[in-house]
Structures are given as structure tokens and as C-alpha cells.
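Dear colleague,

I am passing on the structure we talked about, with some notes on its salt bridges. Please have it open while you read.

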Amino acid sequence: MPALACVEAAAPHPGYGFEWDGALPAPGAYPRGASTTEGGGDLTAAEYPSPWSTDLSAALYRIDGWGAPYFCVNAAGDIAVRSYGAATVSHQEIDLMKVVKKASDPKAAGGLGLRLPLLVRFPDILKHRLESLHAAFDFAIRSNSYGACYQGVYPVKCNQDRYIVEDIMEFGLPFDFGLEAGSKAELLLAMSCLTRASRKALLICNGFKDEEYIALAVVARRMDMNTVIVLEQAEELDTVVETSQRLGIRPVIGLRAKLRTKHSGHFGATSGEKGKFGLTTAQILSVAQKLQRLQMLDCLQLLHFHIGSQIPSTALLSDGVGEAAQIYCELARLGAAMRVIDVGGGLGIDYDGSRSGGSDMSVGYGLHDYASAVVRAVMFACDRKHVRHPIICSESGRALVSHHSVLIFEAVSSTTTKAEPLSSIGPNFASLLEELADDARSDYHNLRAAAYLGEYETCALYADQLKRTSIDHFKDGMLGLEHLAAVDGLCELVAQELGVADPVKTYHVNLSIFTSMPDFWAIGQLFPIIPIHHLDQRPGVKGILSDLTCDSDGKVDRFIGGQSSLPLHELGRGGVGGGGYYLGMFLGGAYQEALGGLHNLFGGPSVVRVSQSEGPHGFAVTLAAPGPSCADVLRAMQHEPEVMFESLKHRAEECSAGDAVSCAVARAFDSMPYLVHSRADPVCASDGDRTDGMGGDSEGCGCCVCGEEEGEEWTFMRCLSV
């Protein structure tokens with residue numbers, strides 16, 4: 001029996017009768033040990049031993065690389081959150097699946113009634129990150145006998161969420177932690193939050209500035225805030241001087257230096273001599289001389305620079321900090337009252353768990369390495385020039401907030417390119433192939449002959465030629481749909497037998513890539529994405545993720561580790577069964593929420609804040625907020641949901657559709673744009689409700705019930721405008 005039994009089974013030898021029964025042998029390994037295409041075959045069976053274990057899942061998904069010390073796999077096969085890092089004891093671990101269940105279960109079942117996707121925030125991790133950053137600098141300062149302190153700021157552009165900024169102010173209070181703003185709106189946010197912070201906390205004013213921005217920053221100084229106006233362009237100096245003189249307030253000024261040092265890759269494009277921001281050495285000298293003429297050189301107190309985000313190595317970091325420190329010392333020599341060096345952002349995180357400095361997805365150092373490199377480089381330059389050690393400031397937003405947010409979403413279905421059983425084409429499968437045009441039928445016969453002789457490379461060539469020829473005939477109207485389906489089915493079976501068929505499944509997820517992970521689409525940023533449960537089971541499928549949007553770019557087909565697919569578990573019968581299949585995107589706490597748009601009018605996810613507690617589940621939900629409703633996203637695009645509802649209600653009355661139609665339309669306006677999985681129990685409470693009696697951004701209202709009074713129905717709709 002030839003190895004390519006599918007071809008022989010599909011068609012009789014000349015001169016023999018044939019009756020197709022639809023049975024095919026299972027596709028086998030590539031004959032004679034020949035190679036398969038890259039990415040073929042089973043994902044895990046050949047690489048990992050049996051039986052499967054949670055440790056093998058941790059290794060497969062690199063959890064110990066990118067997730068340590070905050071994420072691990074527990075004995076139940078779920079992702080566990082370790083809010084206090086390595087200091088977390090086992091009973092303090094938070095089972096992420098229990099959080100999802102609490103958030104998504106109906107209120108009647110003790111849940112919060114929130115719909116997915118779900119953003120879970122862990123403020124305890126945020127606190128641990130801030131404390132760890134400060135501890136790293138404190139250790140480096142003490143171990144090197146550095147003569148000043150570290151005073152960080154949080155750049156609010158990383159994530160402007162109210163509770164995140166307020167948390168950072170609370171957690172950073174013992175460390176005089178401050179804020180950085182890059183626009184007028186961010187400056188107002190920062191000023192408001194700093195009213196509850198230490199008066200020593202820095203308020204760094206970056207970005208392009210007009211007179212309004214500068215006036216606001218000068219006023220902040222009058223409010224006894226430690227405000228520094230950083231000149232991004234030399235022209236800004238005139239506005240700063242004129243505005244401060246008009247308001248009668250002496251400003252504190254900083255300069256952003258445009259360094260020669262830069263790193264390659266996407267994140268290094270904003271640094272170096274051709275960077276978007278900063279002053280050249282000639283401009284820095286000109287600003288210092290002008291301030292001296294104005295008798296304001298004592299106002300110049302800070303030097304700022306930015307090598308680029310995700311600095312890959314401490315060698316590059318030391319080089320850039322050393323260059324900036326020389327400029328700092330020269331400004332001090334010229335008479336400026338220098339006291340702060342702001343090393344900017346750049347403290348990277350390890351997205352792929354490789355701890356490598358060779359790509360934008362990883363870094364080859366930790367917090368202590370980073371802090372030590374900065375302290376030593378500044379100290380070395382200042383000691384050589386006999387300059388007093390400055391306060392060291394950093395704008396380490398990505399490193400602070402990335403770990404504390406986890407995006408949870410559900411895979412609702414999957415599809416594959418695997419051929420349908422030939423029996424589904426019909427009982428006359430072989431006769432359909434014999435009815436092909438002469439050139440296509442000749443390819444088919446040659447394919448059969450090559451399969452019978454075991455000439456597998458020739459077999460693949462004829463299959464490809466048969467398919468191309470048949471497609472041309474179909475386009476010309478010479479071939480019926482049944483004939484083309486028969487050719488496709490045969491060629492796919494041949495590919496499977498040869499081991500060259502694409503085994504990757506597409507998992508359809510209840511998510512918008514453009515809204516929730518825009519950096520993946522825009523700049524190719526990779527985030528760790530893994531199942532958050534069933535990790536005690538072997539993943540037997542290679543998958544890519546396809547979102548809900550009507551856009552071909554709405555898919556995730558690149559993953560950490562250079563992989564073009566993700567190990568996943570089979571859905572449905574023979575797979576993980578009912579109850580939903582949940583995936584998590586990790587390390588996405590920086591930038592994604594602010595950058596996400598409303599493509600296809602999909603809004604943001606529901607949000608819960610979860611803190612560790614000593615209760616039975618080990619956690620407490622301290623805040624829960626439903627995601628934006630259809631009315632919310634429509635209103636964001638200048639539509640008027642109330643007017644829209646009235647027009648639809650009027651049309652329903654004209655058509656005598658009854659109250660049920662108006663009710664359904666009202667509920668649709670108030671619902672999130674994402675899918676409601678059929679397995680979920682209906683939730684009576686409106687999505688606009690805050691849960692557990694917690695205060696929120698919107699008022700709650702009861703669901704519309706068919707047959708209610710018109711006034712009650714409109715009360716339901718009025719919630720859309722709150």
C-alpha cells in the first residue's frame with residue numbers, strides 16, 4: 001500500500017470499479033523521514049516529555065522569564081499573581097481565574113456581572129515596583145557613598161488613569177516621588193495630584209510649550225510646588241522669561257540635552273543628534289549665556305536627557321549618562337545652580353523573558369544593575385570635575401506600571417485550514433475529478449501515478465500544478481464549484497500526508513487589537529500572551545488570534561520568542577470543554593489604554609482593581625467599572641444616542657413592532673459592543689451599574705422589561721447621558 005493512501009483511496013486505478021465511502025486514513029508522518037516545512041507538526045509532543053506538568057507549561061510560555069517575580073503557575077494549572085513579588089507567601093497568591101469568575105459571574109450568583117474583555121489591575125504590584133525602584137537606587141547610593149539622593153517622577157503619559165496616578169502619589173509619598181507632564185492637560189492632572197504629595201516632590205514640565213502651558217507651570221511654582229520647566233527648544237526660553245516676569249514669579253529652569261549617544265531599534269529613534277527633542281551643545285551654551293546676561297543663571301538647575309525607551313544594556317546606559325553628566329558639570333562650571341540630573345526614561349522590562357540586550361523586546365539587566373550604572377556614571381564625571389553630586393531623577397514609567405495590569409479575554413471559537421472530509425463533497429468525488437478539463441485531468445492522473453510510485457516531491461509538484469490550473473479554469477467559468485472543492489480537498493489531503501499542511505488554527509477572541517493592544521499593530525510590540533488556566537494540561541494546538549474587528553490587521557500572529565503561533569488547548573469536544581477558554585496579555589500596563597482607539601466602535605474593557613486580602617479567596621475587589629457601552633462609544637464620535645433611540649422607537653411604533661422592539665434597542669445601546677457568549681447567564685443589572693455598592697463614573701439603572709411604562713423606558717435611556 002503506498003504511503004499516500006489518500007490519493008489511492010480517492011480514485012481507482014484505470015479499469016477498476018470505484019465506490020467512494022468517504023473513509024480516509026489519518027494523515028501520517030512525512031514518508032522516509034523527509035523534512036517538513038518550518039512550523040509543522042505537533043507543538044509540544046516532540047519537545048516535552050509526558051506526563052504534562054505545570055512546570056512544563058511555565059517553561060513553554062517562559063513565565064519564569066518575563067513573569068518573575070509577580071506571575072507563576074499554581075497547582076491547579078491557573079496563573080497565580082504574587083502581589084509582593086518574591087516576598088509573597090503561598091497563601092497570599094491570587095488565582096487569576098478566581099478573579100475572572102468573581103468579575104464575570106452574574107450578581108445573582110455572587111459575581112459582579114461584568115462583561116469581558118476585562119482589565120485586572122493589581123495596585124499591590126504597582127506599590128512593589130515603586131518601592132523596588134527606590135530600594136535599588138538607595139542601595140546603589142549607599143554602596144558607592146554617593147553624596148545625594150534619588151528622587152523619581154512618574155511620566156503620566158504612560159497611563160493617565162486616575163487611580164494609577166493617585167496610587168503612585170500615595171505609594172511614593174515616603175520617597176518624595178513626583179510627576180512628569182508633557183501637555184497642559186497632563187500638567188493640570190499632575191498639579192492636582194501633587195497637592196497631596198510631599199512639597200519636595202518634583203513636577204517636571206516637558207513637551208512643547210506655549211504661553212498658557214508656561215504660565216500654568218509658573219503658577220504651580222507660586223503654589224509651592226517643586227516645578228521645573230524643561231526647555232525642549234531654545235525658543236521656549238524667551239516665553240519662560242517673559243511669562244515669569246509678567247507674573248512676578250522666578251522660575252526653575254531645566255534643559256533637555258540632545259546627546260550623541262543613542263541605541264538602535266525602534267525605541268532609539270527618538271534619541272541622538274537627530275532626535276525630536278532637545279538642545280544641541282551650541283544651543284545649551286547660548287541659553288546659559290542668555291540667562292547670565294539676564295541675571296537668571298541661578299534659575300538653571302536641572303539637566304534632562306533621554307537615550308530612548310527600552311535601553312538594552314547597562315553599557316549603553318553608562319555611555320549616555322556619562323555624556324550627560326559631563327554637560328551637567330560644564331553647566332555648573334559656567335555658574336548655573338545645578339542640583340538635579342534627570343536621566344529620563346529608558347529603564348526597560350523583559351517582554352520575552354530572554355534577558356537579552358539584542359532586541360526591543362528584552363533588556364539585559366535588572367533594577368539594581370540599572371541603578372548602579374546610573375549612580376556610578378554620574379559620580380565618576382562629577383568627582384573628576386569636583387562638582388557636587390546632583391539629585392538623580394528618572395522618569396521610569398514603563399518599568400513602574402507595565403506589570404500591574406493584566407488584560408483577560410476569551411476565545412469564543414476556532415477555525416482551521418484542515419480539509420473537510422471528502423465525503424462531504426459528495427459520493428461522486430472521483431467522478432468530479434475525472435470531469436476536469438484535459439490539462440487538469442492530466443495533472444490529476446500524474447499525481448496519482450507519482451503517489452503510487454512513492455515519488456513524493458513529484459507528487460507535491462503535480463498537486464500544486466493541479467490546484468493552480470483548476471483555479472484558472474474556475475475563473476474562466478470552465479469549472480463548477482463542486483469540481484473546485486474536490487480539487488481543494490484532494491490537494492489539502494496530499495499536503496497533510498506530506499507533512500506540509502499548515503497546522504495552525506485561528507482562535508477568534510472577544511477583543512479589539514486596535515483598542516487593547518495598539519502597540520502590537522502600530523510598532524510590532526510583542527506582549528506575553530498565554531492561557532491563564534488549563535496549564536496542567538498539554539497544549540496540543542498551534543494557534544494565532546483573530547479579533548472582532550472587520551480589519552485584516554486585527555490579528556496576533558507574532559509572539560514572544562520569535563514564534564509565529566501560540567501553543568493553545570483544543571476548544572470544544574475533546575478539548576478544554578465548557579466554561580470558556582481565557583487568555584491573558586501581560587506587561588501591558590503602559591501606554592496601551594491611552595493609545596487605544598475606537599476602531600469599529602469597540603471601546604475599552606471592563607476594569608477591576610484587586611488587592612491581596614486575608615479572606616477565603618485571598619483577594620478583594622476594591623473597584624469595578626464596566627466597559628464603555630455602545631452609547632458611550634457612539635457619543636465619543638459625536639453621535640447622540642438619545643436622539644438615535646427616539647428615531648428608532650418612532651420607526652418601531654410606525655411598524656407596529658410593539659414594546660419588545662423598543663426594549664431590545666434600549667438594551668443594545670446600554671450594552672458593551674463586545675460579544676456576549678451564549679454560555680453566560682443573562683445579567684439583569686445594567687452594564688452601567690457599579691458593583692458591590694462602590695462609587696463609580698456612571699449611575700446605575702434597571703434593565704428595561706417588555707411592557708413597562710414609556711417613562712420608565714426613557715429613564716433607562718437617560719442613563720446613557722450620565
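The notes below go through the salt bridges pair by pair.

This is a predicted model, in which local features need pLDDT of at least 70 and side-chain atom pairs count only at pLDDT 80 or more, whereas totals for chains, interfaces and linings use all residues. Residues are numbered from 1 along each chain as its sequence is written, and side-chain values use heavy atoms, with hydrogens and water left out.

A search of the whole structure finds 28 salt bridges, each being a side-chain nitrogen of Lys or Arg within 4 Å of a carboxyl oxygen of Asp or Glu. One of them joins arginine 142 to aspartate 138, with 3.1 Å between the closest N and O atoms. These two residues are four apart in helix 5 (residues 123-143), and therefore about one helical turn separates them; helices here are DSSP runs of H or I with at least four residues, numbered from the N terminus. Arginine 142 is exposed, at 54% relative accessible area, while aspartate 138 is partly exposed at 32% (buried is under 20%, exposed over 50%, partly exposed in between, with a 1.4 Å probe and protein chains only).

In helix 6 (residues 162-172), arginine 162 and glutamate 166 are likewise four residues apart, about one turn of the helix, and they form a salt bridge whose closest N and O atoms are 3.2 Å apart.

Glutamate 330 also forms a salt bridge, with lysine 385, at 3.2 Å between the closest N and O atoms. This pair links distant parts of the chain, 55 residues apart, from helix 11 (residues 314-333) to helix 12 (residues 367-385).

Finally, Arg121, Asp161 and Glu593 are linked in a network of salt bridges.

Best regards
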